[in-house]
Amino acid sequence: MSNNKKPTKHEALLWSIALPGFGQFLNRRYYKGSIFILLEFLVNVFANFNLAIIYSFTGEIQKAINVTNFQWLMFYPCLYMFAMWDAYREAEGETNSYSYLPFVFGAFFVTIGLIYSTKLKIMGVLLGPVILPILFLLPGLTVGLIIYYILLTTKGKRK
């Protein structure tokens, strides 16, 4: 990538998935990227999210639930998805109308998954505050993409 060229949309999106704020740094939005990294760090630390991730991926779901500060973790899905959308939007290439919809619905569904993560069992298994919200991301993105395509299709027919 030359010094004057912006990153591709997928490149900015993938770096933003790695850590909110990295996509903004790639887009040379250093102030905004620093804010996202700071917010991600604050929410992560105050929610005890890294411990919850460790416990979840080692199968200790009740420990993950016990260490999680849900009042802080509720901020995470919107922060994460907004940082991804912002990095995607600012990167090289055309941004279609309604491209924010998969991100918005992804954040909404992940938040719903987080709310029910201490009670909802899938096939008798409690998945907890990390794995269940991740699973809820898939229907959220799907709903967002369906609405996105419906709106683009109907917008095209109106012209």
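Hi everyone, let's start with a pair of side chains: R29 and E90 meet in a salt bridge, with N and O 2.6 Å apart. By salt bridge I mean a side-chain nitrogen of Lys or Arg within 4 Å of a carboxyl oxygen of Asp or Glu. The pair links distant parts of the chain, 61 residues apart, with R29 in the loop between α2 (22-26) and α3 and E90 in helix α7. Helices here are DSSP runs of H or I with at least four residues, strands are E runs of at least two, and both are numbered from the N terminus.

Before going on, a word on what you are looking at. This is a predicted model, in which local features need pLDDT of at least 70 and side-chain atom pairs count only at pLDDT 80 or more, while totals for chains, interfaces and linings use all residues. Residues are numbered from 1 along each chain as its sequence is written, and side-chain values use heavy atoms, with hydrogens and water left out.

How confident is the predictor? On the pLDDT scale, which gives the predictor's confidence in each residue from 0 to 100, the chain has a mean of 94, and 96% of its residues reach 70 or more. Confidence is highest in helix α5 (residues 61-67), at 98, and lowest in α9, at a mean of 92.

Back to E90, then. Is E90 buried or exposed? E90 is buried, because its relative accessible area is 12%; the cut-offs are under 20% for buried, over 50% for exposed and partly exposed in between, with a 1.4 Å probe and protein chains only.

With K32 it forms a salt bridge whose closest N and O atoms are 3.5 Å apart. Since E90 lies in helix α7 and K32 in helix α3, that pair ties together parts 58 residues apart in sequence. K32 is partly exposed, with a relative accessible area of 28%. R89 also forms a salt bridge with E90, again with closest N and O atoms 3.5 Å apart, and R89 is partly exposed at 31%. Put together, R29, K32, D86, R89 and E90 are linked in a network of salt bridges. The count of salt bridges comes to six.

If we look at contacts, meaning heavy atoms within 4.5 Å, E90 touches K6, N27, R29 and K32, not counting residues up to four places away in sequence.

Next, have a look at S16, in helix α1. S16 counts as buried because its relative accessibility is 0%. Leaving out residues up to four places away in sequence, S16 touches G21, G23, Q24, Y80, A83, M84 and A87.

Now for the pockets. Rolling a probe the size of a water molecule over the atoms shows where empty space is left. The search uses a 1 Å grid over the protein atoms alone: a cavity is a set of points where a 1.4 Å probe fits but cannot get out, a pocket is an open set with protein on both sides within 12 Å along at least five of seven lines, and lining residues have an atom within 4 Å of a point. Grid points are joined across faces, edges and corners, and a volume is the space filled by probe spheres set on the points.

How much space lies in the largest pocket? The answer is about 460 Å³. Its lining has 22 residues, with F49, Y76, Y80, V110 and I134 nearest the centre. The elements giving two or more residues to that lining are α1 (9-18), α3 (30-47), α4 (49-57), α7, α8 and α9 (128-158). By residue type, the lining divides into 19 nonpolar, two polar and one charged.

Let me finish with F103. F103 lies in helix α8 (residues 101-115) and counts as buried, at 11% relative accessibility. Leaving aside neighbours within four places in sequence, F103 is in contact with L13, M81, M84, W85 and Y88. Thanks, everyone!

Technical notes: Nonpolar A, V, L, I, M, F, W, Y, C, P; charged D, E, K, R; others polar.
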